[in-house]
Amino acid sequence: MDTTSPVPENNIELKNYTALSRETGPVNIDAPLEPVLDISDIQGNALPGFNKPHQYVLCFKMHDTLSGKKFLKEILPHISTLEEVLAFRRLYRARKKRLGYKPKDELGATWLNISFSYECTKRLTPSAAAFKSEAFKVGLAERSSSLGDPTSPDNEGSPHNWILGGKDNVPDVFIIIGGDRQEQLQEKVVFVKEIATAFKLECIYDEEMNTIESDGVTGLEHFGFKDGISQPGVRGRLSDMPGDYLQERYIAENVLPDSLLYGYPGQFLSWPGEFIFGYPGQTLDPLIPGSISTEGPIWTKNGSFMVFRRYKQDVKMFWKYMLDTSDELSKQGKFTDMSPQKLAAMLIGRWPGGAPYARVQDKDDKALGADKMANNYFRYASDSCPVNMVNGYQDNYPQSKADPIGLTCPMSGHIRKVNTRDTSNDAGGTLASFQQRLLRRGLPYGPPLFNPLDPNTPDPAKGNRGLIFLSYQVSIENQFEFLRNRWMSNRFSPRNPGGDDIAIGLNGNYDQDRVRAGMVFDEEAQPVNLSTSDQWITPTGGGYFFSPSLSAITHVLSESNNV
Amino acid sequence: MKLERFHPPGNMTDFNNIPNQLQQWSDAISGWIDGAIQIEQGRLPAGTPVQFFNATKTDPSGQSFIQDIIWNAFPRTLVLAYGKEMAYPKSEQLFSLGDKRPGLPTAPPFFPCPVGSEMWKLWKDLLYRPLDEYCEFRVERDPNTQKILRIIFTSEPPEYWQALHGDELQDANGNFAYKFTGDKNLMLDLYHEYVSKEVKLEDLACKQDYDYMGTDKDGKPVKIQVFRKGDYNPYNMWNSTKGIMHLSHPNNFIQAEIQLGADATILRQKNGKPVVQADALVCCSGYGGTSRSSDPTIGASVNDLARLGAYVTILDPIGLYMHDLNTEGFTKPNGESIDPREYFKVVRGDEAGGMIERAVFEVPAKEGFTVSDLKIGGVPINWGGQVAEHINIKITGNAVGPGTFKNPMLPCATFCCIDVKVSNALTRVSDIGDPIHTGYQETFKNDQGTFGQTLVSDLKDGLSSAVQEAKPYREMSGIPAHKKR
């Protein structure tokens, strides 16, 4: 691969997508009619996502319900909507396009969203008893064992030891604040804490999150991998106007059906009812909308369930395994050019820079990893090939080859465990992959560890680093939990020959000593078994929440007659 | 090296002491495979080799890749049609073979006959479990408290029991062709051991012929025989209302699995591009059940291997198997995790080999509580389906010599429809040109994207003849309607 490929910023010419863009995709006679989203009612971190480099989580106990309702009325105008977040994003991109660089000094915004636990929601309105989701009702700590979490009280990852959301410290209110500038973010945090205190809300947890950048690669998590590349594209329009889509479509209109199926190349479009209540969900045919998603109380429309998990990451231990094991594999002569990075790329499914292992196997290609037009475009069941784009973009990177058995990209690789793409899985065809998608909105906490391959590298933070995982979905059970329980920590599904998700998974199966085992193939297509009981990921807190619409907060949750 | 003979499912040993039974079983499997190959040969243009092979007759050269094809035990058809909450209780009901299928309102009964006819009344009295993922279960509850005492799972194919009964099994064309020696007393012993001491031999046999109305090659109505008087009755009361011994859903049989495997080696295209996606492929090819987890997964997995140009077959011993139960998150009343070896007892099949044919999920007597007192993720077990959805089912595919074949891709033979107001399940596979039910729309009208592999010029010549061959799909398959699903 020629690593001198044009950098993506120069390569992408967004067609007509301006700050006031009203047509972001093809108006094709074959295009399915997508619903108009209630953009002023949906919270903006669910859609389109804050996407801010600096964020803050605040969790509160609401000791007095009536005061809590007053707090909601007070905070309401500060809650950011889909419309506001998207408008800013488009303005930002338009300025970036004209300037030729990021308008960091010119533009900045600070966004806020809010979510509630089941117990809190019930106190705010009796109608919350109509929620159907068992997971939401019993809470994360009760569900923890089915997610592969440690159960022994001796283990830091057991809910007994969680710093938040364990047996006795479940928060009522979850607030996330995201901003472009840390000082503005801090001001907002102080502001929220002050009014919360005024209305008898006790802050029981707060944590700052920051994006990590290294060697020119942005958006890294602590193990050093570019995160958040494969987000689902969400169908839906912003107005009645045809083509006024939330998710931009980049494949040329005359390339059918690809232009109807994808946002960015490889980014399958999902119906919004998979993430936001009140809209059609997926069916077996991706171009036919399903029934309207609902959940218990009528006021859940335009709302979404939010999963919060605090994962501590042991970066040194992760890379020690990669170093030792890659060294061993090299000595056995099973792989040429084996390295810690290559082994990690096999187990993640992407290189640290984000390049899909299915497309490049020799070494990382940071240009590919950063190129939104190509970094999510690959298949497993069949070869991929370049498609015509609206902007004349040329995908000159190596294409992926059919790999149904996982000879190249291992079936136990993380991204292959959680998204089977065009291959079938234990739940049938691609519908299962569509219905298990999440809108991931997490960011790292704690300072990065530099030179993690050096066992003597100093760590002033003493291991206090990890990921604040956030996801939005309409079903905690069928989306977030399904991925954790049915796919990531099941050795045999979604496809075999596979194994556990060694890199990001957890194994809570009885008597397996938390060992994660998987299989990769060497260059002669012979299986090589890998396993470890190293606890690279330790859950240390979290919770299940509901993120309601602004109208639900206005008319139901903050309404004092509801108590 | 060629396989010497096919072995019984899960290497079960019941046939070992029955004269000639092991060879008879191998002959039946071999015959079903040959029949399936013959059907595929009829679909392909003249001179095009079939990629599906009989391991006792063909020893292809090249590297071999063994792939377990895994799917979930709980019926996706019920989930798509009713939602999970309603699917649990539905999954524990029995349904009449004379009625329409649950979750598939436009699909005809499995054995269509004029409603009210004598023929229909016979089917009406037979009941089956609506569990169409090659794994069925029976929930036994305390009659007073309704708490679950045990859940009995099976993946044993009905053919195994027909063979044990000494019946004559049908070939791929519906002809009675494979006669077994059988051992009725052994069969009765097994029923006594696993179901009830009250079982009598006469309870297990058909008391009359069972027929239904199909059509012949010219489309004329014709009576098709399924069971003859005195044959083993897979829907007997000890395998329906009063117990469970083996699979009962009419789609759950081993011959169907072989035919599906063979069908899936046919490459398909739409608008000149390969059909790859599992649900689109099952609709395009016309094999298997459209809304299940199993058939689209099996079909697409086999087709993936076939598109690599490999010989493909199902690994011996051919059977339908529970592979494992994942009990992560299963907890006792005191919050401790359960030991699956104590709670999920494998009683038939090969547990170590992941070929489980029968297993019982129950609480060890020493514990003093019931299955309903267990929780999964903090939620009490109220339905058998809550456990079933943690079971993996499998068959094992074997692909040999990728790159051997460059077969043409045939156009779609069938298509599917959906009406989401009625159900999210795809409710029927229609012959090309058939009318669409009111309210339904055609699915997968487009192929599923631009793929690197497209039709190449040297294959196009064979395609036009293949188009013609594919049109009379049902007739040329010769397979009886009740075996086509």
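How many salt bridges does the structure hold over all chains? Let's start there: the count is 47. Before I go on, a reminder that what we have up on the screen is a predicted model.

Okay, one of those pairs inside chain A. A:D172 and A:R123 meet through their side chains in a salt bridge, with 3.6 Å from N to O. What I like about this pair is that it ties together distant parts of the chain: A:R123 sits in helix 4, residues 118-124, while A:D172 is in the loop between helix 6 and strand 3 (173-179), and the two residues are 49 apart. As a general point, side chains of opposite charge can pair when their charged atoms come close.

Now to the interface. On the chain A side 66 residues are in contact, and they meet 64 residues of chain B. The area buried between the two chains comes to about 4,600 Å², and carbon and sulfur atoms give 52% of that.

So what do the polar groups do there? The rule finds two salt bridges across the interface of chain A and chain B. One of them pairs B:R341 with A:D511, where the closest N and O atoms are 2.6 Å apart.

Which elements of chain A give two or more residues to the side that touches chain B? They are helix 5 (134-138), helix 6 (140-143), helix 8 (258-261), helix 13 (430-435) and helix 14 (476-488). Helix 14 of chain A has the largest share, and that share is three residues. If you sort the residues on this side of chain A by type, you get 28 nonpolar, 24 polar and 14 charged.

Next, the empty space. Rolling a probe the size of a water molecule over the atoms shows where such space is left. By the rule used here, there are 10 cavities of 30 Å³ or more. I'd like to pick out the second largest cavity, which holds about 270 Å³ of space. It has 22 lining residues, and the ones nearest its centre are A:Y262, A:G266, A:F268, A:R421 and A:D422. That lining divides into eight nonpolar, 10 polar and four charged residues.

Last topic: a few backbone details to look at on the screen. In chain A, the peptide bond joining A:S493 and A:P494 is cis, with omega at about 10 degrees. You'll find A:P494 in the loop between helix 14 and strand 13 (516-521) of chain A. Over in chain B, the bond from B:D316 to B:P317 is cis too, with omega near -5 degrees. B:P317 is in the loop between strand 12 (311-314) and strand 13 (321-325) of chain B.

Note on methods. Residues numbered from 1 in each chain as written. Chains lettered and ligands numbered in written order. Predicted model: local features only at pLDDT ≥ 70, side-chain atom pairs only at ≥ 80, totals over all residues. Heavy atoms only, no water. Contact = heavy atoms within 4.5 Å. Buried area = accessible area lost by both parts, 1.4 Å probe. Salt bridge = Lys/Arg side-chain N within 4 Å of Asp/Glu carboxyl O. Helix = DSSP H or I, 4+ residues; strand = E, 2+ residues; numbered from the N terminus. Nonpolar A, V, L, I, M, F, W, Y, C, P; charged D, E, K, R; others polar. 1 Å grid on protein atoms, 1.4 Å probe; cavity = no way out; pocket = protein on both sides within 12 Å on 5 of 7 lines; lining within 4 Å. Points joined across faces, edges and corners; volume = space filled by probe spheres on them.
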